[in-house]
Amino acid sequence: PWPLTGALSALLLTSGMVMWFHYNSVTLLLIGLTTNTLTMFQWWRDVIREGTFQGHHTPVVQKGLRYGMILFIVSEIFFFAGFFWAFYHSSLAPTPELGGCWPPTGISPLNPLDVPLLNTCVLLASGVSITWAHHSLMEGNRNSMIQALFITILLGLYFTILQASEYMETSFTISDGIYGSTFFMATGFHGLHVMIGSTFLLVCLIRQIMYHFTSTHHFGFEAA
């Protein structure tokens with residue numbers, strides 16, 4: 001029933017956001033969040049059972065899952081390409097409404113060599129540690145895999161904290177024209193992806209501690 005409950009919870013979630021924005025009522029939004037969270041938890045619980053204990057994730061099934069993950073990543077690329085397109089379209093040819101310059105008149109941008117540079121280094125370091133975890137898993141080195149995965153999760157948490165502190169320091173908001181909207185939409189969705197990815201990796205860490213992964217059967221970790 002999970003595809004059906006997932007679709008209904010998504011409908012409740014979006015309708016609840018409309019009710020919240022226009023009528024300041026959060027009842028429908030909370031119902032949507034609750035049903036969506038329960039659906040995700042129980043659906044992924046069943047997927048873990050099917051793949052780990054029931055043996056349903058055969059090589060053919062894993063191949064299909066990999067194709068699905070590739071399509072998802074492609075959709076994510078185009079999702080962020082839209083935000084970058086909007087940013088470059090506005091910055092390379094600023095309109096008179098923006099003051100004919102970029103950043104627009106009245107906007108004080110963040111120093112890219114400050115927190116943004118540190119966040120970039122944190123992301124690169126997390127890429128190194130997650131690769132370390134993957135190779136340790138393929139080599140059957142359980143302790144190194146757990147250690148590397150734990151470091152990756154900590155780096156993801158550190159990135160999220162830095163992102164939040166960066167938002168608190170900005171002198172502009174999402175309503176400050178094209179600069180504010182593209183900045184907060186792109187970086188906000190990126191931060192959301194980091195938080196979701198960190199949650200996935202935390203689940204993978206718990207599964208690794210519970211001996212769910214082997215050196216040849218660990219698609220859940222690869223997808224995360």
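This is a predicted model: local features need pLDDT of at least 70, side-chain atom pairs count only at pLDDT 80 or more; totals for chains, interfaces and linings use all residues.
Biologist: How many helices and strands does the protein chain have?

Modeller: Start with the rule. Helices (H or I, at least four residues) and strands (E, at least two) are DSSP runs, numbered from the N terminus. Here the protein chain has seven helices and zero strands. Along the sequence the pattern reads α-α-α-α-α-α-α. The C-alpha atoms fill a box of roughly 60 × 40 × 30 Å along the principal axes.

Biologist: Which annotation covers residues 1-224?

Modeller: An unreviewed UniProt entry gives "domain: Heme-copper oxidase subunit III family profile" for residues 1-224. UniProt positions are in the numbering used here, feature names are shortened, and annotations may be inferred rather than shown by experiment. Over that range the chain is 77% helix and 0% strand. The end C-alpha atoms are 24 Å apart.

Biologist: Into which domains is the protein chain divided?

Modeller: Domain bounds come from an automatic or database domain assignment. This one gives domain 1 (1-56) and domain 2 (57-223). Their centres, taken over C-alpha atoms, are separated by 23 Å. For the link between them, look at contacts (heavy atoms within 4.5 Å). Nine residues of domain 1 are in contact with seven residues of domain 2.

Biologist: What share of the contacts joins residues 24 or more positions apart?

Modeller: Take the contacts in the protein chain with a separation of 6 or more. Residues 24 or more positions apart account for 62% of them.

Biologist: What percentage of the residues count as buried?

Modeller: Buried means under 20% relative accessible area, exposed over 50%, and partly exposed in between (1.4 Å probe, protein chains only). Of the 224 residues, 28% count as buried.

Biologist: Which residues make up the largest nonpolar core?

Modeller: First, the general idea. In soluble globular proteins, nonpolar side chains tend to be buried together. A nonpolar core is a set of buried Ala, Val, Leu, Ile, Met, Phe, Trp, Tyr and Cys residues joined through side-chain atoms within 4.5 Å. Here the largest one has 12 residues, including Leu 137, Ile 153, Leu 201 and Phe 221. Helix H4 (115-138), helix H5 (142-169) and helix H6 (177-209) each give two or more residues to this core. H5 gives the most, with five. Now pick out Ile 153. Not counting residues up to four places away in sequence, Ile 153 touches Ser 198, Leu 201, Leu 202 and Leu 205. A second, separate core has six residues, among them Val 122, Leu 155, Phe 159 and Leu 162.

Biologist: How many salt bridges are there?

Modeller: A salt bridge is a side-chain nitrogen of Lys or Arg within 4 Å of a carboxyl oxygen of Asp or Glu. The count here is three. Glu 222 and Arg 66 form one, at 2.5 Å from N to O. Glu 222 lies in helix H7 (residues 219-223) and Arg 66 in helix H3 (residues 59-92), so this pair ties together parts 156 residues apart in sequence. Glu 222 is partly exposed, at 34% relative accessibility. Arg 66 is partly exposed too, with a relative accessible area of 34%.

Biologist: Which side chain of opposite charge is nearest to Glu 166?

Modeller: For charge, Lys and Arg count as positive and Asp and Glu as negative, while His and the chain ends are not counted. The nearest opposite charge is Arg 207, 32 Å away. Glu 166 is buried yet has no salt bridge. Glu 166 sits in helix H5. Leaving aside neighbours within four places in sequence, Glu 166 is in contact with Leu 110, Val 115 and Pro 116.

How values were computed: Residues are numbered from 1 along each chain as its sequence is written. Side-chain values use heavy atoms; hydrogens and water are left out.
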